[in-house]
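Here are my notes on the model, as numbered points. Please read them with the structure open.

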Amino acid sequence: MNLTLKIWRQADATSAGAMHTYPLEGVSEDMSFLEMLDLLNEKLVTHGEEPVAFDSDCREGICGMCSLMINGQAHGPEVTTTCQLHMRSFSDGDTITIEPWRADPFPVVKDLIVDRSAFDRIIQNGGYISANTGSAPEANSVPAPRDKAMRAFNVATCIGCGACVAACPNGSASLFLGAKITHLGELPQGQPERYSRVSTMVAQHDHEGFGGCTNIGECAAACPKEIPLDVISQLNKDLRTAIKQGH
Amino acid sequence: MATTELVKGVRATRSTIALKLAMATSGIIFILFVLLHMYGNLKAFSGHDAYNTYAEHLRTLGTPMLPRSGALWVIRVVLILSLVVHVGSAVALWKRASAARSTKYQVKKNVASSLSSRTMRWGGVTLLLFVIWHLLEFTIGKINISGGATNDPYNLLVDSFSGTSWWMGVIYLIAMLCLGFHLHHGTFSACQTLGLTNSAASRARARIAGWVVAIVIAGGFSLVPLFTIFGVITK
Amino acid sequence: MASSTADLSGLVAHNEASVQVSDDAAGFYVLGEKLVDPKAPTGPIATRWTNRKFENRLVNPANRRKLEVIIVGTGLAGGAAAATLGEAGYNVKSFFYQDSPRRAHSIAAQGGINAAKNYKEDGDSVYRLFYDTVKGGDYRSRESNVYRLAEVSANIIDQCVAQGVPFAREYGGLLDNRSFGGVQVSRTFYARGQTGQQLLLGAYQALERQVAAGTVTPYSRHEMLDVVLVDGKARGIIARDMVTGEIETHLADAVVLATGGYGNVYYLSTNAMGSNVTAAWRAHRKGAYMANPCYTQIHPTCIPVTGAHQSKLTLMSESLRNDGRMWVPKNAADCAKDPRDIPEEDRDYFLERIYPSFGNLVPRDIASRAAKYMCDEGRGVGPEVDETGTDGTPVKRRRGVYLDLTAAIARLGKEAIEEKYDNLLDMYARITGEDPYQVPMRIYPAVHYVMGGLWVGYDLQTNIDGLFCTGEANFSDHGANRLGASALMQGLSDGYFVLPNTIRDYLADGPFEKIDENHPAVVEARAGVQAQIDKFLSINGTRSVESIHKELGQIMWEYCGMERTKEGLTEAIAKIRDLKKEFWTNVKVLGSADSLNQDLEKAGRVADFIELGELMCIDALNRRESCGGHFRGESQTPEGEALRHDEEFAYVAAWEWGGDSLEGAKPVLHKEDLIYTAIEMKQRSYK
């Protein structure tokens with residue numbers, strides 16, 4: 001198939017960027033979206049033009065490195081990551097607009113690459129259970145109710161890709177936050193730090209400049225791991241308790 | 001606004017979620033108020049005397065322990081405070097949201113959000129303007145657009161929507177549509193913000209609650225102007 | 001290295017040191033001295049680790065923050081080590097090429113993690129896990145290391161649970177186990193099909209906690225390009241900031257490489273796009289030995305290649321073979337047909353035919369080779385892909401065999417299959433566009449894991465003082481073949497428990513004399529890195545880095561893949577040398593050195609892959625036996641099974657960099673004898 005690609009090009013963090021249009025021929029429907037961009041880059045190199053920079057690593061939908069706003073949707077039209085999106089979701093003659101994640105806490109580094117270290121800092125500010133190596137008790141000494149462990153697992157599948165932020169009209173990272181709060185808060189091991197954790201993580205989230213949540217649900221719809229909106233409710237509930245406890 | 005610092009010692013009460021909790025709480029106060037207000041309005045269907053008696057009752061509520069209109073002023077103070085909190089939080093969150101995405105997308109699709117959820121802010125502004133006019137018309141200014149007397153609540157109501165004033169009725173109906181939208185998402189959003197929707201089932205119930213509250217309140221309010229326009233409620 | 005014989009301290013050796021008679025790689029290498037781990041433990045195997053932890057010196061807590069440790073890589077081995085050393089109070093610098101430590105490729109591991117907890121009371125023990133691992137590795141691993149791995153495995157589970165890793169649980173709230181990879185006990189802990197992700201996030205969170213505590217400094221989007229050696233000790237690294245392009249010097253008291261495997265030498269593999277050998281290879285070029293580089297694990301059940309555009313391969317869990325039957329058409333003429341139109345009598349269930357007792361459940365390497373043979377015969381299925389034939393001319397071949405679940409669906413019902421394989425089948429449908437409930441799935445083997453890596457002693461130190469290597473990047477624990485659910489075990493064992501207890505013996509001598517950025521060794525290393533980058537940008541030829549990598553991958557896959565022969569390997573070495581010339585004279589790298597330049601990054605990695613590929617072929621050529629993931633066509637039983645030659649090859653092949661082969665230099669082979677005192681060597685059979 002033949003496509004017209006409109007891609008955001010930006011030399012570096014401080015330069016101004018602009019949309020560039022590239023026609024691309026000979027795209028196979030078996031290609032992944034990123035392989036389609038590989039093809040474009042191979043052609044750009046042949047013509048002496050610098051290839052489009054974009055992030056990707058595992059290309060099997062688990063590392064969370066790939067991003068891209070494709071025709072106005074984070075990770076494109078399917079519920080999956082960009083690396084698992086295939087060209088059979090598009091048609092011959094389509095025009096595809098490709099932009100980086102847009103959020104001020106995720107500044108553009110180059111072309112389609114953004115800096116998501118804000119997520120790391122949110123985790124640094126409490127997104128863990130303090131358990132020094134070697135200090136752990138025997139694993140089966142603390143049973144965890146199966147339903148709670150299941151819920152913890154279901155939301156622990158967050159890959160930290162940032163699609164929730166990209167899709168949110170408010171630029172909020174509440175789904176990311178809520179997923180970690182729920183994961184650790186559902187497990188017995190996570191209880192001692194539960195409320196101080198939510199307080200510090202939310203403070204870091206706000207400090208990074210992410211927006212507040214208005215519960216509209218675009219994040220959960222964009223999440224490639226289908227993390228449900230109820231983690232945000234859990235986040236709010238835990239924060240309410242944190243306020244009561246004076247954190 | 002990106003940073004490399006970790007913040008320390010920021011209290012949970014200073015967070016965006018605390019702002020949302022303030023919005024949710026004040027929003028619930030408004031929901032309770034408009035529910036009672038709507039119920040009172042329906043007295044219009046019982047005729048001139050019943051309606052005016054009810055209006056007078058509001059002023060004598062709680063007497064003689066409270067002075068005349070005392071209870072009404074208590075309610076007004078609570079509502080004014082709620083309004084300040086609700087609008088203040090909304091403005092703060094709106095500003096944050098704009099700052100969080102200073103470069104807009106060239107193309108952006110919304111796939112999951114309801115129209116009501118995306119119109120909360122401008123819908124809220126519209127409602128605020130409406131409330132100001134509404135207070136001027138019926139409470140502060142007592143403006144009778146038909147030029148009649150303003151000292152009889154029932155007659156003022158009928159004059160406002162009937163005959164050549166039908167267009168005012170239409171404005172009210174549009175405002176009620178806005179209110180319905182605002183309540184539809186607002187109710188769900190308040191449940192979510194208060195942490196009451198921690199499962200798919202409870203989330204579905206909160207969505208239903210949004211529909212019920214929106215239809216009952218906005219629908220109930222609309223009955224009076226609608227029936228006045230069509231001449232069912234008359235002097 | 002010290003003496004030339006291992007100290008067995010009165011233990012009974014079950015085998016003698018091997019004596020190599022054949023010399024297939026004659027002319028390609030130089031034989032060096034035998035290699036003995038100077039810190040090999042002694043005494044009965046079960047006491048060795050306990051004793052070592054005691055013998056290794058302690059570092060005064062007040063001194064720890066004065067000691068700097070560089071750790072490259074943030075996967076299970078690197079992330080866990082950085083977190084643990086940070087907790088202990090050392091001053092850790094953590095380097096990774098991704099934007100966040102959470103992206104390291106450990107995250108993609110699916111199946112689970114083994115541990116000798118014996119929660120099922122099914123006869124498991126530390127010794128059984130040790131036994132299974134050595135046997136599974138086809139008796140090419142070092143028994144002390146493997147025993148320690150089995151011993152430490154139980155602690156890993158405790159640690160991970162305490163961190164909040166959401167392992168699968170039973171209704172009573174206790175941890176669940178499953179059996180995995182053909183072993184008869186249930187010792188695998190898992191978090192649905194995403195165990196690696198959950199374990200990595202546990203290590204990542206522990207790491208970020210230390211970042212907040214100020215003990216670990218993260219360097220994201222940094223690539224290590226050289227190691228700095230001063231007076232024979234590793235004292236730092238040269239790294240490139242991949243955003244600004246700046247070449248930075250980072251000095252320390254010790255350097256740990258936890259940089260993962262080099263499967264991407266094959267271009268197509270289940271590794272991440274960025275997985276590379278550069279850190280390990282640059283250390284190798286500075287003198288670190290590369291051990292057993294030819295041991296490669298090829299996984300039978302991956303989604304096949306669809307065309308030349310393919311950038312990576314995706315693994316489908318091996319558990320599918322429990323319910324699926326593998327087949328190809330009997331007649332090549334049927335290969336393009338819809339498989340549903342091929343009648344039962346025209347299908348060849350080749351594994352069931354060749355291995356009647358194990359059928360579809362034969363080990364990974366056997367299943368992989370059988371699938372390859374079917375496709376080589378022209379009976380493969382799926383889209384035709386372009387290949388270069390053995391005579392150098394382009395040919396079209398179908399590279400895929402059916403893994404058919406239709407019988408299982410008919411027997412167990414669609415719902416049961418759905419529940420069992422969760423999102424696996426959805427993933428297949430998404431990638432291929434075919435519905436596996438209707439049409440038999442197509443699979444083909446793919447490179448998945450490498451057992452080879454930098455040589456390390458018992459203390460995980462390479463032959464360079466102060467340079468340590470952990471996880472997949474080292475060679476130590478899996479021998480010639482890794483068992484399922486053991487990679488995660490090794491990564492975390494090294495990272496949480498082994499390295500922190502061994503590196504302290506080295507650091508007890510520190511802090512070492514301060515060196516500054518003007519030290520001649522630093523200046524020289526930086527200049528080397530800079531010169532290479534300048535060279536890449538100045539060649540300005542006609543070929544993209546990508547196309548050269550692809551070509552290398554094809555050579556490696558064809559000649560150093562599932563089956564290797566003397567003839568093929570010799571040819572491959574010649575081809576790789578030609579490709580190396582082509583690369584250094586005709587590659588085209590655009591952009592500048594002082595900005596984010598993904599092509600430039602890739603050029604450096606491919607340059608190293610080319611040299612590694614050549615060494616892998618030489619190693620494979622020398623090892624004229626079949627063991628684990630290394631199958632030599634010349635060494636098989638009459639039934640076509642792998643045949644080991646313990647009397648010749650029961651050794652670790654540790655290769656020393658000899659210099660550029662284009663200038664006639666040859667690598668030096670050092671042999672480390674494998675002597676077993678706790679286990680006896682046996683030949684395996686799956687007929």
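This is a predicted model: local features need pLDDT of at least 70, side-chain atom pairs count only at pLDDT 80 or more; totals for chains, interfaces and linings use all residues.

1. Of the 13 residues of α3(C), 13 are buried, so the helix is largely enclosed by the rest of the structure. The cut-off for buried is 20 or more other C-beta atoms within 10 Å. The length of the helix also checks out. α3 of chain C covers residues 76-88, and at 1.5 Å a residue its 13 residues should span 18 Å. The end C-alpha atoms are 18 Å apart, which agrees. Just after α3(C) comes Gly89(C), with a positive phi of about 105 degrees.

2. Next, chain C as a whole. Its secondary structure comes to 18 helices and 24 strands. Along its principal axes, the C-alpha trace of chain C spans about 75 × 65 × 50 Å. Buried residues account for 59% of the 687 residues in the chain. Take the contacts in chain C between residues at least 6 apart in sequence: 74% of them join residues at least 24 apart.

3. Now the nonpolar cores. The largest has 312 residues. Those with the most contacts inside this core are Cys164(A), Val256(C), Leu257(C), Leu454(C) and Cys617(C). Helix α17 of chain C (residues 598-622) provides the largest share of the core, 13 residues. Which residues does Cys617(C) contact, leaving aside its neighbours within four places in sequence? They are Tyr559(C), Cys560(C), Leu569(C), Ala572(C), Ile573(C) and Ile576(C). A second, separate core has 24 residues, including Met38(B), Met176(B), Phe181(B) and Val213(B). As background, nonpolar side chains tend to be buried together in soluble globular proteins.

4. Gly629(C) deserves a look. This glycine lies in the loop between α17 and α18 (646-649) of chain C. Is Gly629(C) buried or exposed? With 30 other C-beta atoms within 10 Å, Gly629(C) is buried. Not counting residues up to four places away in sequence, Gly629(C) touches Tyr295(C), Thr296(C), Gln297(C), Ile298(C), Asp365(C), Met451(C), Ala480(C) and Asn481(C). Met562(C) is 67 residues from Gly629(C) in sequence, yet the C-alpha atoms of the pair are 7.7 Å apart in space.

5. Most residues other than glycine have a negative phi, and most peptide bonds are trans. Asn118(C) has a positive phi, near 55 degrees. Asn118(C) sits in the loop between β4 (113-114) and α4 (126-136) of chain C. Arg192(C) also has a positive phi, near 40 degrees. The loop that holds Arg192(C) runs between β5 (188-189) and α6 (195-213) of chain C. Asn118(C) has 18 C-beta neighbours inside 10 Å, so it counts as partly exposed. Arg192(C) has 18 such neighbours inside 10 Å and counts as partly exposed.

6. Thr63(B) and Pro64(B) are joined by a cis bond, with omega about 5 degrees. Pro64(B) is in the loop between α2 (48-60) and α3 (70-100) of chain B. Gly510(C) and Pro511(C) are joined by a cis bond too, with omega about -5 degrees. Pro511(C) is in the loop between α13 (487-507) and α14 (520-539) of chain C.

7. On to chain A and its domains. Chain A is divided into domain 1 (3-110) and domain 2 (116-244). Their centres, taken over C-alpha atoms, are 29 Å apart. The contact takes 18 residues from domain 1 and 17 residues from domain 2. On the side of domain 1 that touches domain 2, nine residues are nonpolar, seven polar and two charged.

8. Last, the contact between chains A and B. How many residues does each chain contribute? Chain A gives 50 and chain B gives 48. The elements of chain A that give two or more residues to this side are β5 (95-99), α2 (117-124), α6 (194-208), α7 (218-222) and α8 (230-244). α8(A) gives the most, with ten residues. By class, the side of chain A that touches chain B has 19 nonpolar, 21 polar and ten charged residues.

Key:
Residues are numbered from 1 along each chain as its sequence is written. Chains are lettered from A and ligands numbered from 1 in the order in which they are written. Two residues are in contact if their C-beta atoms, placed from the backbone, lie within 7 Å. Helices (H or I, at least four residues) and strands (E, at least two) are DSSP runs, numbered from the N terminus. Ala, Val, Leu, Ile, Met, Phe, Trp, Tyr, Cys and Pro count as nonpolar, Asp, Glu, Lys and Arg as charged, and the others, Gly among them, as polar. The expected span of a helix is 1.5 Å times one less than its number of residues. A residue is buried if 20 or more other C-beta atoms lie within 10 Å of its own, exposed if 12 or fewer, and partly exposed in between; C-beta atoms are placed from the backbone. Domain bounds come from an automatic or database domain assignment. A nonpolar core is a set of buried Ala, Val, Leu, Ile, Met, Phe, Trp, Tyr and Cys residues joined through C-beta atoms within 7 Å.
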